[in-house]
Amino acid sequence: MSAPTNTYADSEYAVTQIAADLGIPWGMAWLSPKSIIVTDRSGKVNRLDTDSGKTQAISGAPEVWARGQGGLLDVATNGQYQAGDWLYFSYSKPTKEGAATTLARAKLSGNALTDWQDLLVTDSSSDKRVHFGGRIAIKDGFIYMGVGDRGNRPNGQNLNTHAGKILRVALDGTTPESNPFTKQGKAKAEIWSYGHRNPQGLCFDNRNRLWESEHGPRGGDEINLIEAGGNYGWATVSYGKEYHSPAAVGEATEKPGMVSPKEVYIPSIAPGSLLCYHNTETAWANRLFLGALKLQHLSWVAIYDDLSVTDAQQLLSDQGYRIRSLLEDHNGDIIFAVDGGQIYRYTPTDK
């Protein structure tokens, strides 16, 4: 399928449509400098040529629990992809109880996924249709994946479940002995950090620091700098309000022993993704980009030497995009996917 290349611009940027009709494109990863693999939450997989806009369907994806926020979620590669390498996926795997966020891998042979392997079916099974998490980041031979609390608030502080956590496993799905809770009773050995509500962004910056964005309740979306063993507070602490009343969620906004967010969004923007921008030759160096689903814009913040995050700005706020996924291309442009099924290239004039 070939997409129209609609382009619009003002004095600061140009946005070009690359592709359309891709369902809800939840995850994207580079196969080459001009080719992207794209997951659709309904369970479909496509390859996209970013120059021509042509798409090619890829077969071999598993059955997914495509209900509510569940379905086929993220896709990632271990560095620069080469033919025959593993591709890593997250998805909502059907279970007797409903579905569980699952980490898997497969290889791409022609236009088919082969040798599909579930690496970790998380202990997060529920029939609730919310808070699957699913974002993947890979660094130094380890896979990090966020899992939401599955709509059950106590999961965030419960180390006996994977729900409400950031997990870390090796590339083959085994548990590293260096994980912080491997020797702590019944705690899940895959846990890297806990106290998370619904992680929807996960990435490493140029200094190998792991950043996470997550949905708060009504208000209180967060950007967090992830530390091994860190407790990020949910739902004991939160900056959000109840959906049914003006009452605050949790006991306070901060508490000793719990890691405070680097940035909080009130009102909520519903961050659907997080991009650590790596190109150091542009004015965007040392920035984090977030795609906003609720407030429908591209947001960025700067990272400073003291690890504070500030100077938040909104881009494309007049276009009405529910931005679901972000990639940085080899030129330093940003590729973004929206819930309407379109994929765009964002080229600023001042980057």
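This is a predicted model: local features need pLDDT of at least 70, side-chain atom pairs count only at pLDDT 80 or more; totals for chains, interfaces and linings use all residues.
Two strands count as paired here if DSSP finds at least two bridges between them.

**Sheet β19 to β22**

Let's start with strand β21, residues 298-303, which is joined to β22 by five bridges, with the two running antiparallel. Zoom in on that pairing and you'll find A302 with T310 of β22 as its bridge partner. Both strands belong to an open sheet of four, ordered β19-β20-β21-β22 and paired in the antiparallel sense. At the edges sit β19 (271-276) and β22 (309-315), each with pairing on one side only. From one strand to the next, the twist averages 20°.

**Sheet β15 to β18**

Now for the other one: β15-β16-β17-β18 is the strand order of an open, four-stranded sheet with antiparallel pairing. Its edge strands, β15 (199-204) and β18 (263-265), each pair on one side only. Ignoring direction, neighbouring strands in this sheet are turned by 15° against each other on average.

So much for the layout; what about a single pairing? β15 pairs with strand β16 (residues 210-214) through five bridges, in the antiparallel sense. Within that pairing, G201 stands opposite S213 in β16.

| Strand pair | Bridges | Sense |
|---|---|---|
| β21 (residues 298-303) and β22 | five bridges | antiparallel |
| β15 and β16 (residues 210-214) | five bridges | antiparallel |

Key: Residues are numbered from 1 along each chain as its sequence is written. Side-chain values use heavy atoms; hydrogens and water are left out. Axes are lines fitted to C-alpha atoms, for helices over the stretch in contact, and angles run from 0 to 180 degrees between N-to-C directions.
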